[in-house]
Amino acid sequence: MADAPANLFMTIPHPAPTSADMRNAAIADPGFGKVFSDHMVSIDYTDGKGWHNASVGPRVPISLDPAASVLHYAQEIFEGMKAYRQADGSLSLFRPEANAARFNASATRMAMPTLPEDLFVAAVREQVRIDRDWFPTVEGGSLYLRPFMFATEAFLGVRPALEYKFLVIASPAGNYFKSGSPAVSIWISDYSRAAPGGTGAAKTGGNYAASLIPTAEAFSRGHDQVLFLDAVEHKWVEELGGMNLFFVFDDGSMVTPPLTGTILPGITRDSLLQLAREEGLTVREEPYSIDQWRADAASGKLVETMACGTAAVVTAVGHVAGPDGEFTIGSGGPGQLTTRLREKLVGIQRGAIADTHGWVMQVD
Ligand SMILES: *Cc1c(COP(=O)(O)O)cnc(C)c1O
């Protein structure tokens with residue numbers, strides 16, 4: 001993918017950047033999603049004119065007309081990706097073209113304009129470059145990047161909007177789960193996240209809105225995450241609120257639910273599928289029921305379960321609870337394959353293991 005011309009983004013100088021002292025305090029142990037860098041990338045879209053007004057400048061509040069259609073009909077999509085520090089100190093992205101492609105798949109589902117993939121990647125690179133000093137100093141830290149797009153047109157009629165804004169913001173990030181739990185505990189929800197024919201495969205805020213009550217319920221019962229079953233039979237395991245799942249059996253094979261439109265096609269999921277198959281493991285993309293999961297955990301046939309996504313990388317699921325009781329997976333802690341695949345993926349992302357797939361893109 002060709003580099004975008006350097007002058008593609010107009011640079012708006014920051015009038016009052018955060019002082020080095022305050023920034024250093026903020027990036028020492030930022031947690032997840034609470035600390036934000038100084039800048040943002042912004043690009044506007046108008047029907048008939050296309051994408052224009054590309055800039056990189058201060059991260060400031062945005063003003064919207066109260067009739068902006070995102071506020072009423074929720075035309076909004078986003079991506080979640082990270083910049084990683086390589087051993088030589090440079091910063092890199094992991095499979096950013098895959099995020100660009102998924103962003104456009106989400107846009108199409110939500111009747112929004114697509115963004116040229118090289119413009120998406122150039123915008124993310126620009127964001128990393130301008131805020132490279134915000135890279136966290138905590139062990140295992142990364143710069144979390146949030147590209148997103150929403151409808152800005154002031155119009156209350158129901159149809160796809162004619163005006164949109166695309167922004168990228170950055171957030172220095174440490175561990176996603178509090179205290180970096182070695183294994184998480186999940187709650188099986190009675191609620192559904194996505195129905196056949198719905199928007200489950202699009203990375204859109206509405207899916208998260210639907211998951212908030214179930215997530216709050218999981219938290220209030222002392223669990224780390226919520227698990228959704230399919231909306232039709234309430235039987236097949238789909239995914240967590242923001243992570244895909246893999247099941248590992250005692251014969252070394254793995255299963256992950258297939259992408260049938262109600263599950264978000266995770267880039268971590270895809271990367272693990274490739275890494276596992278290259279190791280010679282058998283990985284089946286096929287439906288797996290909650291009853292089978294419980295039975296396999298009890299018999300010992302199921303030895304590990306892993307949850308994966310950009311934010312939390314690869315995390316063991318140790319404990320599963322729901323209205324029908326609870327069960328523990330293996331010893332309740334991370335198993336061998338979870339640990340090995342996590343180390344392999346993190347190693348590739350941070351340059352400690354050779355990137356034989358062309359997944360790592362240097363930023364500077
Ligand atoms: C983003 C997301 C994932 C994980 O996708 P990655 O590309 O691996 O980060 C999984 N499920 C949902 C619902 C998501 O929004």
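This is a short tour of a predicted model, with stops to select one after another in your viewer.

Before you start, note that residues are numbered from 1 along each chain as its sequence is written, and that side-chain values use heavy atoms, with hydrogens and water left out. Because the model is predicted, local features need pLDDT of at least 70 and side-chain atom pairs count only at pLDDT 80 or more, while totals for chains, interfaces and linings use all residues.

**Stop 1**

Select residues 81-85 for β5 and 91-94 for β6. Helices (H or I, at least four residues) and strands (E, at least two) are DSSP runs, numbered from the N terminus. β5 and β6 run antiparallel and are joined by 3 bridges; two strands pair if DSSP finds at least two bridges between them. Look for R85, whose bridge partner in β6 is L91. There are 5 residues between the two strands, and in this hairpin G89 takes a positive phi near 90°.

Now click on S90, in the loop between β5 and β6. Is S90 buried or exposed? S90 counts as buried, because its relative accessibility is 11% (buried means under 20% relative accessible area, exposed over 50%, partly exposed in between, with a 1.4 Å probe and protein chains only). Show its side chain together with that of Q362, and you will find a polar contact of 2.8 Å joining them. A polar contact is a pair of N or O atoms within 3.5 Å; within protein, one must be able to donate a hydrogen and the other to accept it, and residues adjacent in sequence count only if both atoms are side-chain atoms. Leaving out residues up to four places away in sequence, S90 touches Y84, R85, Q362 and D364, where contact means heavy atoms within 4.5 Å.

**Stop 1**

**Stop 2: strand β12**

Move on to residues 244-249. Strand β12 is largely enclosed by the rest of the structure, because 6 of its 6 residues are buried. On one side sit N244, F246 and V248, and on the other L245, F247 and F249.

Which strands pair with β12? Strand β15 (residues 302-309) runs antiparallel to β12, joined by 6 bridges, and N244 has C308 as its bridge partner there. Strand β13 (residues 254-256) also pairs with β12 in the antiparallel sense, over 2 bridges, with F247 partnered by V255.

**Stop 3: the nonpolar cores**

Select F9, I43, W51, F120, L145, M149 and F166, the residues with the most contacts inside the largest nonpolar core, which has 48 residues. Such a core is a set of buried Ala, Val, Leu, Ile, Met, Phe, Trp, Tyr and Cys residues joined through side-chain atoms within 4.5 Å. Helix α4 (residues 117-130) gives the largest share of this core, 7 residues. A second, separate core of 23 residues includes I186, L229, F247 and L302.

**Stop 4: P265**

Finish at P265, in the loop between β13 and α6 (267-278). P265 is partly exposed, with a relative accessible area of 29%. Beyond its neighbours within four places in sequence, P265 is in contact with R102, A201 and L259.
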